[in-house]
Amino acid sequence: MLPMLEKRRTLAGVMSWIGLGILVAFILIAVLAPIIAPYPAVGPNSQFLTPPNPLCGACAPPSFSHWMGTDNLGQDVFSRVLWGAQTSLEVMAIGVILALAVGFPVGLYSGYVGGSIDKAILLVMDSVYAFPGLLLAALVAAMLGKGPFNIGIAITVIYIPLYYRVTRNQTLSVREETYVEAARSLGAKPWTIMWVYIAYNVLITIPVIFALSAADAILTAAGLSYLGLGIQLPTPDWGLDLSVAQQFLTDGAWWTSFFPGLMIIILTVGLSFLGEGLNDLINPLLKKGRA
Amino acid sequence: MPRRGSLLAYGLTRLILAFPMLLILLTVVFTVLRIIPGDPIYALYGGRAPLSVIMALRHQLGLDKPYWQQYVTYIVQIFTGNFGVSLGAHYGGQSVIAVIDQKLPATIELSIGSMIVASTIGISVGLISGINRDKVVDVVGRLYGTTIFVIPVFWLGLMLQLLFAVDLRWLPVNSRFDISSSPPATITGLYTIDSLLAGRLDLFIIAIRHLALPCLTLGLVLSGFFAKTVRANLLRTINADYVEAARARGIKERTIMSRYAFKNALIPVITVLGLEFAILFAGAVLTETTFNWDGMGRLLIDSIEVQDYPLIQGTIIVFSFIIVLISILVDILSGVIDPRVRY
């Protein structure tokens with residue numbers, strides 16, 4: 001039994017490290033885009049004055065000077081894909097952090113006080129959670145308008161119920177621990193018990209949700225941009241570039257859609273590896289703590 | 001007799017519980033549409049229309065009334081089946097119900113097709129993975145389950161289009177039907193069913209050829225969840241006491257797998273099916289855009305673009321109804337299959 005556990009632990013460890021590596025690499029790409037991108041994100045930078053493929057404007061297949069080819073406006077796809085990391089990470093960070101900032105305190109409160117308040121909040125959150133996230137986000141995005149910040153807020157709506165759920169459930173079990181009861185009998189105020197004694201022990205479950213919701217947030221944000229509700233041209237964004245590239249796909253210009261999609265996949269695979277790896281690492285820890 | 005009664009009671013309880021859920025969803029939609037900054041009339045006409053026209057239209061839509069009054073009207077209208085009239089450029093003047101009636105079959109056809117693809121592929125991968133636990137096949141299967149799930153559905157759609165439609169020319173690139181032939185007469189609105197009802201096998205083949213790529217795209221992405229669930233459940237049932245007991249009685253391993261382990265591993269799939277519908281609808285919006293599929297998802301995005309307020313509201317409400325309905329059906333179905341659920 002023990003060696004099996006060890007083996008699982010290491011697999012989870014490897015997954016987490018790969019995931020973390022990918023995330024860090026993408027953060028570096030986003031931060032260093034101005035230095036490492038060979039061309040600016042916006043504006044024609046193809047050397048082809050007469051495009052080899054007149055059907056899709058100034059697009060050209062991958063070559064030595066343009067590793068991932070150029071798009072219909074003659075913009076270097078490789079550079080746009082690197083710059084696009086900025087947009088995606090920005091939207092993801094806003095969405096996920098805001099969801100945590102709302103979902104965590106509400107979940108903590110709901111789980112701690114219990115009773116009918118808890119039931120009411122739970123019902124609302126569960127109903128919202130049952131609805132297709134992308135549709136809800138599309139609705140909010142349409143009302144708020146385009147731009148990274150607004151899209152960040154729009155996708156927050158999807159993840160608040162998720163953070164709420166996890167926090168609430170964890171609070172419910174931590175609330176019954178002996179040390180919390182001890183604090184209560186010593187006369188600690190509810191506020192102190194919630195934030196000093198319970199919050200820290202609930203926080204341990206958050207990294208897993210953080211990574212998994214971040215992966216989903218990247219996909220949702222890309223989806224919104226693809227639908228034309230997210231980011232506005234000429235801002236480099238993977239989902240948006242894909243929707244532009246789609247028009248030229250039937251002319252055989254595969255590179256303008258292939259590479260932005262590949263970036264989304266690598267980043268989301270990385271984040272879900274991180275999430276699932278952490279889950280395997282943290283869950284046994286939690287169980288051991290319980291025993 | 002008492003068993004039958006308890007199932008009925010269970011179903012009724014679920015139905016009653018679904019009502020607040022529906023009401024909350026409708027309230028959320030109302031809140032998003034009215035209280036978040038952004039005025040539909042202003043968005044529709046910009047600064048171009050004179051103030052008197054804008055005011056008249058606001059009055060006509062009841063947007064000049066207090067929120068609570070608008071809310072009551074909104075709820076009453078929904079439950080009396082009056083969703084209003086479209087304002088937008090495409091469907092202006094048509095009733096929202098009529099427009100949705102035209103678009104819903106396309107989405108239903110796409111959804112059913114995708115679910116068939118997703119469950120067939122997902123369950124197969126899950127079972128093969130589970131039987132060969134920790135072997136290479138299993139690792140490949142698990143990797144498939146994890147990665148297919150995070151592939152953007154629109155990207156997968158574009159790549160499949162590129163391969164099967166543009167390069168190989170095996171299947172049509174997009175849309176629901178060939179331009180050169182006219183679709184079967186509308187009975188259900190589902191082209192596959194209608195062409196069969198009309199006895200036209202040629203039209204049925206055209207419809208299936210058009211369905212193939214969108215359903216494959218959406219089905220592949222959704223299959224990951226099935227694969228994971230089935231594998232996890234199979235691992236649980238393989239080690240269950242009743243399987244051990246069957247083994248001890250000397251029943252052949254094949255029979256044990258098919259008659260004992262598989263059967264019980266597949267029960268939770270129904271729950272997954274229910275959960276997947278929310279993801280399915282989100283995916284359908286994207287897939288419909290990729291494949292120029294004239295369904296509810298496209299309708300929603302088109303009406304959001306032109307800020308066609310009643311149409312946005314109507315589409316979202318229909319989605320909410322379907323989701324609540326499916327969640328009830330799934331709960332009742334699992335109650336029928338697994339009586340333990342009812343208590």
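Modeller: Start with one pair: A:Glu276 and B:Lys228 join their side chains in a salt bridge, 2.8 Å from N to O. A salt bridge here is a side-chain nitrogen of Lys or Arg within 4 Å of a carboxyl oxygen of Asp or Glu.

Colleague: Is this predicted or what? What are the ground rules?

Modeller: This is a predicted model, where local features need pLDDT of at least 70, side-chain atom pairs count only at pLDDT 80 or more, and totals for chains, interfaces and linings use all residues. Residues are numbered from 1 along each chain as its sequence is written, chains are lettered from A and ligands numbered from 1 in the order in which they are written, and side-chain values use heavy atoms, with hydrogens and water left out.

Colleague: How many salt bridges are there between chain A and chain B?

Modeller: The count is 1. There are also 6 residue pairs in polar contact, both at pLDDT 80 or more. A polar contact is a pair of N or O atoms within 3.5 Å; within protein, one must be able to donate a hydrogen and the other to accept it, and residues adjacent in sequence count only if both atoms are side-chain atoms.

Colleague: Which helix of chain A gives the largest share of the side that touches chain B?

Modeller: Helix 10 of chain A, with 11 residues. Helices are DSSP runs (H or I, at least four residues), and strands are too (E, at least two), numbered from the N terminus.

Colleague: And what classes do the residues on that side of chain A fall into?

Modeller: 30 nonpolar, 8 polar and 1 charged. Ala, Val, Leu, Ile, Met, Phe, Trp, Tyr, Cys and Pro count as nonpolar, Asp, Glu, Lys and Arg as charged, and the others, Gly among them, as polar.

Colleague: How much area do chain A and chain B bury?

Modeller: About 3,900 Å² between them, with 83% of it on carbon and sulfur atoms. That is the accessible area (1.4 Å probe) that two parts lose on being put together, summed over both. In chain A, the residues that lose the most to chain B are A:Phe131, A:Leu139 and A:Met143, together 18% of what that side buries.

Colleague: How many residues does the contact take from each chain?

Modeller: 39 residues from chain A and 45 residues from chain B. Contact means heavy atoms within 4.5 Å.

Colleague: New topic. What is chain B built from?

Modeller: Chain B has 14 helices and 0 strands. Its C-alpha atoms fill a box of roughly 85 × 55 × 40 Å, taken along the principal axes.
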